[in-house]
Amino acid sequence: MGIAGNLNPDQLEFFNSQGYLVLDSFSSADEIRSLRSRMEQLLEEFDFSSKASIFSTTNQQQTTDDYFFESAEKISFFFEEKAFGDDGSLKQPKQLSINKVGHALHELDPTFKSFSTSEKATGLLSSLGYKRPIVIQSMYIFKQPGIGGEVVPHQDNSFLYTKPPTCTGLWLALEDATVTNGCLWAIPGSHKAGLVRRFIRDETGVHFDKPSPSYDQKDFVSIEVKAGALVVIHGDLIHQSFENKSSTSRHAYSLHVVDTDGCKWVDDNWIRRKVEAEPLYAS
C-alpha cells in the first residue's frame, strides 16, 4: 500500500531546482529531547578503553579501519581528530570528544528507530518518489564546541551509490545550526551537474576514483536552521560544513536513504551489509 506524501508542489519545485529543502519544525521539542537524552545514555555506557577510532573527512583513507567498516550494522563511536593530546589521552571528557555515532542507530536503538521509521519520514520519501526505500546509514553528529571538525565539500551519492543513483540525506537539527557553530553550506542547483566522483572500497581499502574538484566558496550558501528543522539533501548536491570554533555544539541526527526498487546497490560501496536492510515501505 502506498504512503501519502507530505510535500506540497512548491516544496518539491524548490527541492528539484535547488537540490535541498528546509522543513522548519519537522520535529517537536519533545522528540528532540528524547533523541538527545537517549544519546546521552549511549555515551555514558560507552567504554572506549579498548578502542578509539577517529573520523575525519580530510584524511578519510587513512582513518578508515575495520571498526569503521563493521559500524555499518552496529552502533559505533568515532572521536574528533583534535580530541587527543600528544600523549594519546583525551583532552576533555568523552562526551565532548566524540565526532559522531553510527551507522545503525535507526535499526538497533528503539528511540532512533521510532523517528527514522515515522509516518512523517516515510511520507516525505513517498513525496520524493521512493518506491521501496531503506535507510542505509544513520549518524548522530556532535560538531563539538572548539574541536568540531570540518566536513569537506562532497556529494552523498559518492559514498552510498546505487545504479541509478537514489541517495537522499535527511538532516535533523537537534540544536540551532548557525554559521558560528558549523551549519551546513551548499551550492544551490549543483545536483543538476551529476555525480563528480565515487568513494570505492576494494581489496586495498577505500579510495576516491578521482581527485576532488576545487570549489569557489562564493558559490556556497549557508543553511542556518533552528532546532527541529529537517534539511532534505539531494544525493548529488555539493555541500559542506566548517570547523566549529565556537563555544556551542551543533548536534544533528542524519539519515541516508536509497531506493531498492528499479536500482541496484553496487558491490564496491564501503557499506557491505551481512543482513539485508528492511524497507521502510513498499509501494
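Me: Why is glutamate 107 called partly exposed?
Reply: In this predicted model, glutamate 107 has a relative accessible area of 28%. Buried would require a value under 20% and exposed a value over 50%, so a residue that falls in between is termed partly exposed, and 28% places glutamate 107 in that class.

Me: What makes the pair of glutamate 107 and arginine 273 a salt bridge?
Reply: The test asks for a side-chain nitrogen of Lys or Arg within 4 Å of a carboxyl oxygen of Asp or Glu. For the side chains of glutamate 107 and arginine 273 the N to O distance is 2.7 Å, and the pair therefore meets the criterion. Glutamate 107 lies in helix α5 (residues 105-108), while arginine 273 belongs to the segment after β16 (264-265), so the pair ties together parts that are 166 residues apart in sequence. The two residues are also linked with Glu73 in a network of salt bridges.

Me: How do you know that glutamate 70 and lysine 74 form a salt bridge, and how accessible are these residues?
Reply: Their side chains meet at 3.8 Å, N to O, and because the cut-off is 4 Å, the pair counts as a salt bridge. Glutamate 70 has a relative accessible area of 43% and lysine 74 one of 42%, so both values lie in the range between 20% and 50% and both residues are partly exposed.

Me: Why do aspartate 216 and lysine 218 get separate accessibility labels?
Reply: Aspartate 216 stands at 35% relative accessibility and counts as partly exposed, whereas lysine 218, with a relative accessible area of 70%, is exposed because its value is over 50%. These residues form a salt bridge in which the closest N and O atoms are 3.1 Å apart. In total, the structure holds eleven salt bridges.

Me: How many disulfides are there, and how do you know?
Reply: A search of the whole structure finds zero disulfides. A disulfide calls for two cysteine sulfur atoms within 2.5 Å, and the sulfur of cysteine 167 has its closest cysteine sulfur, that of cysteine 263, 11 Å away, which is too far for a bond.

Me: Are cysteine 167 and cysteine 183 buried or exposed?
Reply: Cysteine 167 has a relative accessible area of 4% and cysteine 183 stands at 0%; both values are under 20%, so both residues are buried. The same label applies in helix α7 (residues 119-127) to Ala121, Thr122, Gly123, Leu124, Leu125 and Ser127. After α7 comes glycine 129, whose phi is positive, near 95°.

Me: What makes up the lining of the second largest pocket?
Reply: About 320 Å³ of space lies in this pocket. It is lined by 19 residues, and those closest to its centre are Ile134, Trp265, Arg273, Glu276 and Ala277. The elements that give two or more residues to the lining are β5 (133-141), β15 (252-259) and β16. By class, the lining has nine nonpolar, two polar and eight charged residues.

Me: Which residues does leucine 90 contact, leaving aside its neighbours within four places in sequence?
Reply: Leucine 90, found in the loop between β3 (75-79) and β4 (98-103), is in contact with Phe48, Phe79, Ala83, Phe84 and Ser97. Phenylalanine 79 is eleven residues away along the chain, and its C-alpha atom is separated from that of leucine 90 by 9.7 Å.

Note on methods: Residues numbered from 1 in each chain as written. Predicted model: local features only at pLDDT ≥ 70, side-chain atom pairs only at ≥ 80, totals over all residues. Heavy atoms only, no water. Buried < 20%, exposed > 50% of the residue type's maximum accessible area, 1.4 Å probe, protein only. Helix = DSSP H or I, 4+ residues; strand = E, 2+ residues; numbered from the N terminus. 1 Å grid on protein atoms, 1.4 Å probe; cavity = no way out; pocket = protein on both sides within 12 Å on 5 of 7 lines; lining within 4 Å. Points joined across faces, edges and corners; volume = space filled by probe spheres on them. Nonpolar A, V, L, I, M, F, W, Y, C, P; charged D, E, K, R; others polar. Contact = heavy atoms within 4.5 Å.
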